[in-house]
Amino acid sequence: MNDFLIGIGKRLKDIRKKNNLTINELAFRANVSNGLVSRIENGRTIPSLPVLLDLIQSLEIDASYFFEGVEKKSNAKFIYVPKDNQQVIEKEVEAEGFKYMHIFSKSLHSLGFEAVLLTLEPNSKREKVITDAWEFKYILKGEVKYVIDNEEIILKEGDSLYFNGKFPHVPVSISNESCVMLVLYFYTA
């Protein structure tokens with residue numbers, strides 16, 4: 001069942017993009033927040049049935065067509081995600097110089113998990129954000145200053161950081177080179 005539910009977000013995103021709609025446009029049509037659409041598409045939340053039906057109707061498609069593309073795999077011994085299936089994540093907040101590449105997500109019982117590669121360009125800009133996840137960062141390349149609430153931590157290649165995303169946080173570019181980090185999000189139901 002969890003694989004089926006995770007597929008809903010991917011299907012929503014695929015159809016939205018095929019119809020050349022932005023997250024903002026779809027959210028406006030369905031009378032929901034941009035953040036909710038983004039969280040659904042990225043597998044971070046599962047919409048209620050009325051919200052899902054409003055989103056499908058806002059895409060101007062039949063519900064039967066929507067569910068044709070939602071896969072359900074059961075009893076798999078492993079999960080393989082080829083590089084070609086990785087997608088750039090569209091965030092609901094304004095951010096300049098931030099590129100999130102979705103690598104993997106999975107929900108097991110009451111725990112959701114998502115992995116992304118974040119490339120932070122020099123002179124990038126974004127306000128602090130709050131997430132409903134515990135976050136783990138591992139610096140693959142470069143260095144960055146992480147601001148969590150009012151505390152600052154300098155991270156360099158090979159360093160890691162784990163924190164509650166409910167505290168306002170933001171990575172800040174401190175170098176003339178890109179910083180690349182592996183980001184793991186852990187969600188509980």
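A residue counts as buried when its relative accessible area is under 20%, as exposed when that area is over 50%, and as partly exposed in between, with a 1.4 Å probe and protein chains only. The structure shown in these views is a predicted model, in which local features need pLDDT of at least 70 and side-chain atom pairs pLDDT 80 or more, whereas totals for chains, interfaces and linings use all residues. Residues are numbered from 1 along each chain as its sequence is written, and side-chain values use heavy atoms, leaving out hydrogens and water.

**View 1**
Helices (H or I, at least four residues) and strands (E, at least two) are DSSP runs that are numbered from the N terminus. Read from the N terminus on, the elements follow the order α-α-α-α-α-β-β-β-β-β-β-β-β-β. The chain has 189 residues, and 40% of them count as buried. Contact here means heavy atoms within 4.5 Å, and among the contacts between residues at least 6 apart in sequence, 66% join residues that are at least 24 apart.

**View 2. Helix H3 covers residues 34–41, and Glu41 belongs to this helix.**
The buried residues in H3 are Gly35, Val37, Ser38, Ile40 and Glu41. Glu41 has a relative accessible area of 7%, which means that this residue is buried. When residues up to four places away in sequence are left out, Glu41 touches Gly9, Lys10, Leu12, Lys13, Arg16 and Ile23. Just after H3 the student can look for Gly43, which takes a positive phi of about 75°.

Val51, Leu52, Leu55, Ile56 and Ser58 are the buried residues of H4.

**View 3. Trp134 and Tyr162 form one of the 2 aromatic pairs that the structure holds.**
Rings of Phe, Tyr and Trp (its six-membered ring) pair if their centres lie within 6.5 Å, and planes under 30 degrees apart count as stacked, over 60 as edge-to-face and the rest as tilted. The ring centres of Trp134 and Tyr162 lie 5.5 Å apart and the ring planes stand at 20°, so this pair is stacked. The pair links distant parts of the chain, because Trp134 sits in strand E4 (residues 134–141) and Tyr162 in strand E7 (residues 160–164), 28 residues apart. Trp134 is partly exposed, with a relative accessible area of 38%, and Tyr162 also counts as partly exposed, at 48% relative accessibility.

**View 4. Tyr146 and Phe163 form an aromatic pair that is tilted.**
In this pair the distance is 5.7 Å centre to centre, and the angle between the planes is 50°. Here too the pair links distant parts of the chain, with Tyr146 in strand E5 (residues 143–148) and Phe163 in strand E7, 17 residues apart. Tyr146 has a relative accessible area of 1% and is therefore buried, and Phe163, with a relative accessible area of 6%, is buried as well.

**View 5. Strands E6, E5 and E8 form an open sheet of 3 strands.**
The order in this sheet is E6-E5-E8, and the pairing is antiparallel; two strands pair if DSSP finds at least two bridges between them. E6 and strand E8 (169–173) are the edge strands, each of which pairs on one side only. E5 and E6 run antiparallel and are joined by 6 bridges, and Val147 has Glu152 in E6 as its bridge partner.

**View 6. Ile153 is found in strand E6, which covers residues 151–156.**
Ile153 has a relative accessible area of 28%, so this residue is partly exposed. Not counting residues up to four places away in sequence, Ile153 touches Val144, Lys145, Tyr146, Ile148 and Leu161. From Ile153 to Pro171 the separation is 18 residues in sequence, and in space it is 9.5 Å, C-alpha to C-alpha.
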